[in-house]
Each structure stands twice: as C-alpha cells, then as structure tokens.
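Trainee: I have a model open on my screen and would like a close look at one part of it. Could you take your time and walk me through the surroundings as well?

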Amino acid sequence: MTPFTYGRAQNVDDALELGARPGAKYLGGGTNLVDLMRETIERPVALVDVTQLDHEIEERADGSLLIGAATRNTALASHPAVRARYPVLARAITAGASAQIRNMATVGGNMLQRTRCAYFYDDDGGSRCNKRHPGQGCDAAEGINRYHAILGASPSCVATHPSDMCVALAALGAVVHLRNAEGERALPFTDLHRLPGDQPELETHLWPGELITAVELPALAFGARSTYRKVRDRASYAFALVSVAAALELDGDTVKDVRIALGGVAHKPWRAWKAEDALRGQPATAEAFRAAAQAELAQAQPLRHNGFKVELARRTIAAVLAELKEMKA
Ligand code: SF4
C-alpha cells in the first residue's frame, strides 16, 4: 500500500480544506476504497474521514427526506419513514453486500463505489483496463463479460455500476446536495454518474475536491407502492446480474405514473425513461408491462457472454410491475 496521511474532518469546511489537496480522497465506511488501496488501484496521498459529518435523516414539511451523506446504509434502510414511504430504497439497501458491510458503508460512499469488473482489479495480472490506465485497452470487451453492460457502454469500457441503493435513488428522482470551494449546488441523482464514452476513468460529474453532503428524496405520493428485485447468482452477497427498482401509481386499471430504474446493466444506475413513457396512460396489463420493457431493452447491445441479460431484464421489469399492481399501498 502506498503511504498516505489520515485526517478526520469535524465539519464540511474542514473536509473541503483537507480534501483540496491534490490526490486526497474522502473516506466513508471504506468498504470499497480500502480494498482498492490494498490492490494499489487507488493510491490516495491523503484520506479525509468524513464519517463524523451529517448522518441525520430529516423529515421535512413538504414530505421529502433529507439524508446526510454520512448516514450508514443500515440506518437508512431501517428508518421508519423510508420503510413506509420508500420501501424500494429499504429493499435495495438490504439486498446489497452483507449486514457487516451495510453497518459500515455510508450513503455518500455507496454512491461513489467503483465497478467490480474483474479486469479492473487485475492490475498485477497484467489485464488491460482503460479505467485504470486510460488508453490501455479493455480486456473485458472480448473477455469474460457475463457481468458487464448491455446498455450505454462504449468500446472503451463495458463495466457496470455495482450499487443496489443507487438504483432505487435513480427511480425515486433523488437529488444530490454538494459542497465545493465556491459554495453549494444540487444535481439530479441521474446526472451524478457518467456513461463511459471514451473517458471511462471519469465516473461522476463531481468537481475536484467536491463533497457529497446529503441526498434528498422528494415526496412521492405513490412511493409506498414500490419495490426492488435483484436477480443474482446466489441468494446473498452477490452483485446483480439484473435488478429493477420501480414504483407504480394506478388510476383504476390504468397506469397513471411509474418510475423504473435498472441495475447491473450499465456504467451508471439506468433510469428506464423509455419504459416509463411507454407505460403512462396504458392499461396495467401484462402485455403493456412487457411492451414497456421491450421499449427500454430495444437499445440493448449485449456482449458475447451476457446476451441473457436482455431477456432477463425484460422479464424482471414485467414481473416487478405485475407485483406492484397487486400490492396494497
Ligand atoms: Fe476496465 Fe471498463 Fe474494460 Fe472493465 S470494462 S476492463 S473497468 S475498461
């Protein structure tokens, strides 16, 4: 491991000052960053511990929730307001990792975890990876790519984003609150992460040294009728092959509104805008659910080993919507 300094920020200004040093990294629970440092894939010169910053969950008068970025994943998933009003988020978080990891991981850190592409981690083995070494090539594109992307990938990178929590945040229309040296700003969650394009080493739209301070969940009248389904190789402690976060609002037998996001299929949590557009105003039938899923997956570009994900994603979207239709909310 490369030598580094460690400092614990007592407040946001403190964190920004320490984080302004070139090569510094913010440290949440460390459940991904420390692994990457052990593998020498990440080599920060300074770690700025931000776990003492805001870890409150504020229920606001307009019905939204404001969640401090240092909130632990377990605390968020078990919060009564989250369980009652956004069950998709509670279920997504508890579908991820292990209880021990969820106890450590923070909301801000979860958003910034990096892909689990095996070639990305294989620096010692000599695998080529544009994300580790820009311009080097991508061994996953023609290698073992069963876990890789079917949507929004590029010849430079076919990696997927590993988070479950982020899929729910994408579906719920969350907003990320940020602080930087010039002040504060807010970003729609769906704009936080990037698609790989020809610069897969750039994973977010954060500015250098910028700090995630909170995430806001807007009030969603039909949020109680929401869920998360994760399809994976084994029942626990596995990343998604495909996952679906969705919320459904019905007017009689008609879809009044719907939110759908996919995990395990792209370089970022994938908001299924096309499926949503195809479904609003349609009868809530199995045929309409299937057509909406097809509308989204029509743009899929599978790789040699992951063609199964296209049909798996279609079926999972349709199954989740059918489950929500029957849910008492
Ligand atoms: Fe690297 Fe992306 Fe290719 Fe994986 S898919 S080897 S992360 S460039």
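Trainee: Let's start with Thr-213: is this residue buried or exposed, and what is its relative accessible area?

Mentor: Happy to, and please keep in mind throughout that this is a predicted model. Thr-213 is buried, because its relative accessible area is 19%, and the cut-off for buried is under 20%. You will find Thr-213 in strand E8. Setting aside the neighbours within four places in sequence, Thr-213 is in contact with Val-12, Asp-54, Ile-67, Gly-68, Ala-69, His-177, Leu-178 and Arg-179.

Beyond its neighbours within four places in sequence, Leu-217 is in contact with Ser-64, Leu-65, Ile-67, Tyr-86, Leu-89, Leu-169, Leu-172 and Ala-174. Ile-67 is therefore a name to remember, as it is among the contacts of Thr-213 and also among those of Leu-217, by the 4.5 Å criterion for heavy atoms.

As background, nonpolar side chains tend to be buried together in soluble globular proteins.

Glu-203 sits in the loop between strand E7 (183–188) and strand E8 (211–217). Glu-203 counts as buried because its relative accessible area is 17%. What does its side chain do there? It makes a polar contact with the side chain of Arg-114 at 2.9 Å, and another with the side chain of Lys-131, at 2.9 Å. Leaving aside neighbours within four places in sequence, the residues in contact with Glu-203 are Arg-114, Lys-131, Leu-192, His-193, Arg-194 and His-267. You can also see the fold at work in the pair Glu-203 and Leu-112, which are 91 residues apart in sequence and 8.5 Å apart in space, C-alpha to C-alpha.

Another polar pair is worth a look. Asp-123 lies in the loop between helix H8 (118–121) and H9. The side chain of Asp-123 makes a polar contact with that of Arg-132, at 2.9 Å. Not counting residues up to four places away in sequence, Asp-123 touches Ile-41, Arg-43, Arg-132 and His-133.

A search of the whole structure finds zero disulfides. Take Cys-166: the closest cysteine sulfur, in Cys-157, is 17 Å from its own, which is too far for a bond. Cys-166 is buried, with a relative accessible area of 0%. Cys-138 counts as buried too, at 17% relative accessibility.

Four strands form an open sheet in the order E9-E10-E11-E12, with antiparallel pairing. Its edge strands are E9 (226–231) and E12, each of which pairs on one side only. Strand E11 (residues 254–263) is largely enclosed by the rest of the structure, because eight of its 10 residues are buried. Strand E10 (residues 242–251) runs antiparallel to E11, and nine bridges join them. Within that pairing, Glu-249 has Asp-257 in E11 as its bridge partner. The hairpin of E10 and E11 has two residues between the strands, and Gly-252 there takes a positive phi near 65 degrees.

Ala-261 stands opposite Arg-271 in E12. E11 and E12 form a hairpin with six residues between them, and Gly-264 in the turn has a positive phi of about 75 degrees.

Note on methods: Residues are numbered from 1 along each chain as its sequence is written. This is a predicted model: local features need pLDDT of at least 70, side-chain atom pairs count only at pLDDT 80 or more; totals for chains, interfaces and linings use all residues. Side-chain values use heavy atoms; hydrogens and water are left out. Buried means under 20% relative accessible area, exposed over 50%, partly exposed in between (1.4 Å probe, protein chains only). A polar contact is a pair of N or O atoms within 3.5 Å; within protein, one must be able to donate a hydrogen and the other to accept it, and residues adjacent in sequence count only if both atoms are side-chain atoms. A disulfide is a pair of cysteine sulfur atoms within 2.5 Å. Two strands pair if DSSP finds at least two bridges between them.
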